[in-house]
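Dear colleague,

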Amino acid sequence: MSLTERLLRIKDSLPQHVTLVAVSKTKPVEDLMVAYRAGQRVFGENKAQEMTAKWSEMPKDIQWHMIGHLQSNKVKYIAPYVALIHGVDRPELLDEIEKQAKKNHRVIDCLLQVHIAQESTKFGWDPEELALWATAKQLDAYSHVRIKGLMGMATFTSDEPQIIQEFTSLKFVYDQLSKVHSHWDTLSMGMSQDYASAISCGSTMVRIGSSIFGDRNY
Ligand SMILES: *Cc1c(COP(=O)(O)O)cnc(C)c1O
């Protein structure tokens, strides 16, 4: 199957309310342009420099999503154009995004990353800590950052019940916090291996890379 066929097949399989982020990290601009010509406009990258290089080369109607772990000193590179930052996992990062968004006269949309996996390597807030921190008051302090919801990654495992349990726990936290933050509309969960489970658990945004672009060679 060609890249275009893989992309369109996945796109057609998604419910209408689920946004597809085509995760293009490590892939050359030619591959992204194939997806672009097939109608894809939302791309996800995990490195600020790589994303910025692709942004400068590619058509300007693309929405660029930062999906990786973001160092504070890299925010300035993406602040002029980034559409959504998925992996906000600490208050200091939000402070820096606020500062750089203000400099650029922008309001930057963000998702708070929640740690739901069993692996200790995945970043994100502990659900309980997040619940304490994300009171309406704390988040209202930012005028150039708009939190749109949550993001999470399940454990890398073939144990489907475990994946379902982790996504369900994220959906629960999302529903709880949405009662306070009634404008939230985005729950980013699901990748190539587990997006069907994620959608069944309430995902509104899936981040799919290898199933579209093929395996990555690092
Ligand atoms: C790489 C990556 C993805 C996409 O992974 P695939 O398995 O290639 O679909 C999704 N989310 C994040 C945070 C990633 O880093």
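The notes below go from the overall fold to a few charged pairs.

This is a predicted model, in which local features need pLDDT of at least 70 and side-chain atom pairs count only at pLDDT 80 or more, while totals for chains, interfaces and linings use all residues. Residues are numbered from 1 along each chain as its sequence is written, and side-chain values use heavy atoms, with hydrogens and water left out.

The protein chain contains 10 helices and eight strands, which are DSSP runs (helices: H or I, at least four residues; strands: E, at least two) numbered from the N terminus. Of its 218 residues, 51% are buried, meaning that they have under 20% relative accessible area, whereas exposed means over 50% and partly exposed lies in between (1.4 Å probe, protein chains only).

The structure holds eight salt bridges, each being a side-chain nitrogen of Lys or Arg within 4 Å of a carboxyl oxygen of Asp or Glu. One of them joins K54 and E50 at 2.8 Å, N to O, and because these residues are four apart in helix α3 (residues 48–57), about one helical turn separates them. K54 is buried, at 5% relative accessibility, while E50 is partly exposed, at 22%; together with E45 they are linked in a network of salt bridges.

Another salt bridge pairs D109 with R146, with 2.8 Å between the closest N and O atoms, and it links distant parts of the chain, since D109 lies in strand β5 (residues 108–115) and R146 in strand β6 (residues 145–153), 37 residues apart.

Best wishes
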